[in-house]
Amino acid sequence: MSRLAFIGGTGVYDPGILQNISSHTIETPYGTASYESGFFGDREIIFLARHGVHHTIPPHRINYRANIYALKMLDVTAVVSTTAVGSLNPDYKPGDLVLVDQFIDMTKSRIGTFFDGERYGVAHLDMTHPYCETLRQAVLAAGKEAGITIHPHGTYICTEGPRFETPAEIRAFRMWGADVVGMTNAPECQLAREAEICYATISMVTNFAAGISKTELTHKEVVDCMAQNISSFRKIITILSGSYDPDTDCVCRHAAAAFGGFHL
Ligand code: HPA
């Protein structure tokens, strides 16, 4: 049975909308992943807190491969994740939601592929549309239904963290066209594509990025902003849980076809 999953980022540690929730761990060839499963009506939905439910896993130490592989093992076909981001774009203000459609990967130490020449050989997948267009449209429709404004486009630059960026880095990233900066979408997004899972991320702007913000950055302001605006996520997640059909076919689900597909 195909399933929809949510990956919660900073400030989103429980799905909040599911019934009969149970916590699980699952062994994958890449390590252990923890997740929760619960019901929205008669639909089973998977929820995974990427930093752990007590925010104990920093961005560069998340086992992205185990998480995405676990979702594949659970027959998850579509993932909507949340991310807290800093804004480089004056039009994207704290409290705003951005449905990014491109990313720039500035991470340094993460294993970003299943196709590492070992278990899955070598493959080079197209990333013209890194985020699933089908799912993006579903998120936009859910936002409209909930009366929540979502910026429909944006380029997410993923830094290694866990430190925030320097103002000089942010100035350079602006010149490259980045709109928002976060620490987790790479490699989560590309691993989902390799595993032929539809993936979209809803970014909440929690602050203006370093050097644009008039004050120095703190993790507290990120968490506080998420807490103040979490109801927007909840509303969108609620609508998607009821309306998104995880059996929806999509090009993402055939992304590795030229390389024989992605099989567990
Ligand atoms: N930089 C990187 N990650 C972030 C930020 C930021 O300014 N805000 C929230 N997550």
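These legends go with several close-up views of the structure above.

The views show a predicted model, in which local features need pLDDT of at least 70 and side-chain atom pairs count only at pLDDT 80 or more, while totals for chains, interfaces and linings use all residues. Residues are numbered from 1 along each chain as its sequence is written, and side-chain values use heavy atoms, with hydrogens and water left out.

**View 1. Strands β2 and β3 form a hairpin.**
Strand β2 covers residues 19-28 and strand β3 covers residues 31-40. Helices (H or I, at least four residues) and strands (E, at least two) are DSSP runs, numbered from the N terminus. The two strands run antiparallel and are joined by eight bridges; strands count as paired if DSSP finds at least two bridges between them. Look for H24, which stands opposite Y35 in β3. Two residues lie between β2 and β3.

**View 2. Strands β3 and β4 form a hairpin too.**
Here β3 runs antiparallel to strand β4 (residues 43-49), and five bridges join them. G38 stands opposite I45 in β4. Two residues separate the strands, and G41 in the turn has a positive phi of about 60°.

**View 3. The ligand sits in the largest pocket.**
A pocket is found on a 1 Å grid over the protein atoms alone: it is an open set of points where a 1.4 Å probe fits, with protein on both sides within 12 Å along at least five of seven lines. A molecule sits in a pocket if more than half of its atoms lie within 2 Å of its grid points. Among the residues surrounding the ligand are F164, M183, N207 and L217; a residue counts as near if one of its heavy atoms lies within 4 Å. β5 (76-87), β10 (180-182) and β11 (198-208) each supply at least two residues of this shell, and β5 gives the most, with three. The shell divides into seven nonpolar, four polar and one charged residue, where Ala, Val, Leu, Ile, Met, Phe, Trp, Tyr, Cys and Pro count as nonpolar, Asp, Glu, Lys and Arg as charged, and the others, Gly among them, as polar.

**View 4. Some backbone angles deserve a second look.**
Most residues other than glycine have a negative phi, and most peptide bonds are trans. A cis peptide bond joins G161 and P162, with omega about -5°; P162 is in the loop between β9 (155-159) and α3 (167-175). Another cis peptide bond joins A186 and P187, with omega about 10°, and P187 is found in helix α4 (residues 185-194). H55 is not a glycine, yet it has a positive phi of about 50°.

Terms used. 1 Å grid on protein atoms, 1.4 Å probe; cavity = no way out; pocket = protein on both sides within 12 Å on 5 of 7 lines; lining within 4 Å.
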